[in-house]
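User: I would like to learn how to read a model like this one. Please take it feature by feature, with the idea before the case.

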Amino acid sequence: MAYATAAYTAWGLFPLYFRQLAQVSALEVIAHRTLWSMLFVALVLLVRRQWAWLAPLLRQPRLLAVSALSALLLSANWLLYVWAVNNGHVLDASLGYFILPLINVALGYAVLGERPRRGQWAAVAVAACGVLWLALQAGRLPWIGLAIALTFGGYGLLRKTAPLGALEGLALETTLLTPLALALLAWWAGQGTAAWTQAGAADWLWLLAAGPITAVPLLLFAAGARRVPLATLGLLQYISPSLQFLLGVALMGESVQPARLLGFALIWTALALFALEGAWQRRAATV
């Protein structure tokens, strides 16, 4: 429980970290995050002597292709999130992670053939009403939240069906993205627009911290996921968007109009229905 809580708390506090890099473009932040995450994870694998998965991988081109797609979805999710935080859209980013569990239900139904129960469909319907209300209030779809939820939902779907563990999967994904990250960093340096060539010591420390800041919560999550029920993880995961929402309002000065708050309230109601329906089903199964 402590491992999983620490992981979700760390993810919820991410806006505080990315705000330290507000002067760096979101795409360059992602390039650094990819590079330093790859090196950090490689170091962890080296210390643990956890390389046996590499040899079979080279004989599975389909797995490499799927990993390349999941890497693209992950990098797109990172890019959207960092851009949202650094451009004053923390609440929109938190919305994405609030609706993510419901996106997972829809993807499970459409792609994996899972059949949600009536209570779960009711939760999805209430959440859809919340998203529609937010769209009506803004005069447009809440595209930031939806894009964050869809990219991470798609990433989670691919990771769910892949045979690699969390650490190995992140190592492969960041390795596949590293050549592109290096090429972009070199190109920006050649053009004289790279932030890293002009960064001071403090900025460099923040950039280098992207490796452990990305990998450590994932390792904590993996440790927690092996020890607690999935239902417990499902409830704990709301720590992250709740913290992001509070940070956006309390520390970053984002305002929530009462009409817009109604849309969030509908989504929170959907999450409550989702959690209560699951608890009811588990209780019925033990009777």
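This is a predicted model: local features need pLDDT of at least 70, side-chain atom pairs count only at pLDDT 80 or more; totals for chains, interfaces and linings use all residues.

User: Is L167 buried or exposed?

Analyst: The relative accessible area decides, and under 20% counts as buried. L167 has 6%, so it is buried. T178 is also found in helix 9, and at 7% relative accessibility T178 counts as buried. Beyond four places in sequence, T178 touches T34, L35 and M38.

User: How far is L167 from A183?

Analyst: A C-alpha separation can be set beside the separation along the chain. L167 and A183 are 16 residues apart along the chain, and their C-alpha atoms are separated by 25 Å.

User: What does F18 touch, not counting residues up to four places away in sequence?

Analyst: F18 touches V29, R33, Y81, V82, V85 and N86.

User: How do I read the packing of two helices? At what angle do helix 5 and helix 8 pack?

Analyst: Take the angle and the axis distance together, then the handedness, then the residues. Helix 5 and helix 8 pack at about 155 degrees, with axes 9 Å apart. An angle over 145 degrees counts as roughly antiparallel, so helix 5 and helix 8 are roughly antiparallel to each other. Their crossing is left-handed.

User: Which residues make the contact of helix 5 and helix 8?

Analyst: From helix 5 come V66, L69, S70, L73, L74, A76, N77, L80, Y81, W83 and A84. From helix 8 come W143, I144, A147, I148, T151, F152, G154, Y155 and L158. Sorted by class, the contact of helix 5 with helix 8 has 16 nonpolar, four polar and no charged residues.

User: What is the angle between helix 5 and helix 6?

Analyst: Helix 5 and helix 6 pack at about 145 degrees, and their axes are 7 Å apart. N77, Y81, A84 and V85 in helix 5 meet V90, A93 and Y97 in helix 6. This contact of helix 5 with helix 6 has six nonpolar, one polar and no charged residues.

User: Are helix 1 and helix 13 roughly parallel or roughly antiparallel?

Analyst: The axes of helix 1 (residues 2-12) and helix 13 (residues 239-250) come within 7 Å and cross at roughly 30 degrees. That angle makes helix 1 roughly parallel to helix 13. Helix 1 passes helix 13 in a right-handed crossing. T5, Y8, T9, W11 and G12 in helix 1 meet I239, S240, L243, Q244 and L247 in helix 13. By class, the contact of helix 1 with helix 13 has five nonpolar, five polar and no charged residues.

User: Where is Y3, and what is its relative accessible area?

Analyst: Y3 is in helix 1 and is partly exposed, with a relative accessible area of 41%. Leaving aside neighbours within four places in sequence, Y3 is in contact with L220, A223, G224 and R227. The C-alpha atoms of Y3 and A84 are separated by 27 Å, and the two residues are 81 apart along the chain.

User: Last, the backbone. What is phi of R49 near?

Analyst: Phi of R49 is near 50 degrees, a positive value in a residue other than glycine. R49 lies in the loop between helix 3 and helix 4 (54-57). With a relative accessible area of 75%, R49 is exposed.

Methods:
Residues are numbered from 1 along each chain as its sequence is written. Side-chain values use heavy atoms; hydrogens and water are left out. Contact means heavy atoms within 4.5 Å. Axes are lines fitted to C-alpha atoms, for helices over the stretch in contact, and angles run from 0 to 180 degrees between N-to-C directions. Helices (H or I, at least four residues) and strands (E, at least two) are DSSP runs, numbered from the N terminus. Angles under 35 degrees count as roughly parallel, over 145 as roughly antiparallel, 65 to 115 as roughly perpendicular and the rest as oblique. A crossing is left-handed if the near helix is turned anticlockwise from the far one by less than a right angle, and right-handed if clockwise. Ala, Val, Leu, Ile, Met, Phe, Trp, Tyr, Cys and Pro count as nonpolar, Asp, Glu, Lys and Arg as charged, and the others, Gly among them, as polar. Buried means under 20% relative accessible area, exposed over 50%, partly exposed in between (1.4 Å probe, protein chains only).
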